[in-house]
Amino acid sequence: MRGMRMRKTVWIAVVAVALGVASSASAMTATLGEPNLVGKVALDVPITVTCDPPSFGLEMFFQTVSVVVEQAAGKQIARGSAAIANSYPQLLFPCNGTAVALSVPVLADATGPPFHGGKAVVRVTLTAEAGVPLPCCPGSYMSPFERQTAVVGPAEVRLR
């Protein structure tokens, strides 16, 4: 009976530690630069991202960046979007507390009008996910998981 009570106490402590790791949140911030207009059909959208290292015992394994751009073009709206994602070991940016500059290419939607110089609205969403690496299977992760997210916008920018 005493051995069973001890195992139950140890199990509860392990679960509490695991839940504590899962609920601790790291910080991610992002800033948006002025997009560069390329041939009226593409934009280079500069983003600076900073994220914290994951909690102890967790490893960063997946990151995404998505960008949506909309611009009034007469009575229509020029639109474009892009999403990039990468997983361990080829992450998009390090999560080590330092600021990293990215440039995301966005193509105008071919079914609508092209972009032009002037004001536009941009929304950027970034995520970074960490988990417990499985020793048996490189590139495989299990819970607890931790996610950092940053959203910028909708923000008005000037296309040049």
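**Figure 1. Disulfides of the predicted model.** A search of the whole structure identifies two disulfides, a disulfide being a pair of cysteine sulfur atoms within 2.5 Å. A disulfide is a covalent bond between the sulfur atoms of two cysteines. With the bonded cysteines of the protein chain numbered in sequence order, the pairing reads 1-2, 3-4. This is a predicted model, in which local features need pLDDT of at least 70 and side-chain atom pairs count only at pLDDT 80 or more, whereas totals for chains, interfaces and linings use all residues. Residues are numbered from 1 along each chain as its sequence is written, and side-chain values use heavy atoms, with hydrogens and water left out.

**Figure 2. The link between Cys51 and Cys95.** Cys51 is joined to Cys95 by a disulfide with an S to S distance of 1.9 Å. This pair links distant parts of the chain, 44 residues apart: Cys51 belongs to strand S3, and Cys95 to the loop between strand S5 (76–87) and S6. Strands (E, at least two residues) and helices (H or I, at least four residues) are DSSP runs, numbered from the N terminus. The link of Cys51 and Cys95 is left-handed, with -95 degrees about the S-S bond. Both Cys51 and Cys95 are buried; buried means under 20% relative accessible area, exposed over 50%, and partly exposed in between (1.4 Å probe, protein chains only).

**Figure 3. The link between Cys136 and Cys137.** The sulfur atoms of Cys136 and Cys137 lie 2.4 Å apart and form a disulfide. This disulfide is left-handed, because the torsion about the S-S bond of Cys136 and Cys137 is about -85 degrees. Cys136 has a relative accessible area of 59% and is therefore exposed, while Cys137, at 30% relative accessibility, counts as partly exposed.

**Figure 4. Strand pairing around S3.** Two strands pair if DSSP finds at least two bridges between them. Strand S1 (residues 28–32) pairs with strand S3 (residues 42–51) in the antiparallel sense over five bridges, and Leu32 has Ile47 in S3 as its bridge partner. Strand S2 (residues 36–38) is also antiparallel to S3, over three bridges, with Val38 opposite Ala42 in S3. S2 and S3 form a hairpin with three residues between them, and Gly39 in the turn has a positive phi of about 60 degrees.

Figure 5. Gln63 lies in strand S4 (residues 59–73), and Gln148 in strand S8 (residues 141–159). Gln63 counts as buried because its relative accessibility is 0%; Gln148 counts as buried at 2%. Although 85 residues apart along the chain, Gln148 and Gln63 have C-alpha atoms separated by 9.4 Å. The side chain of Gln63 reaches the backbone oxygen of Phe93 at 2.8 Å, and that of Gln148 reaches the backbone oxygen of Asp52 at 2.8 Å. Leaving aside neighbours within four places in sequence, the residues in contact with Gln63 include Ile84, Leu91, Phe93, Cys95 and Thr127, where contact means heavy atoms within 4.5 Å.

**Figure 6. The protein chain as a whole.** Of the 160 residues in the protein chain, 32% are buried.

Definitions and conventions:
Polar contact = N/O pair within 3.5 Å; in protein donor to acceptor, adjacent residues only side chain to side chain.
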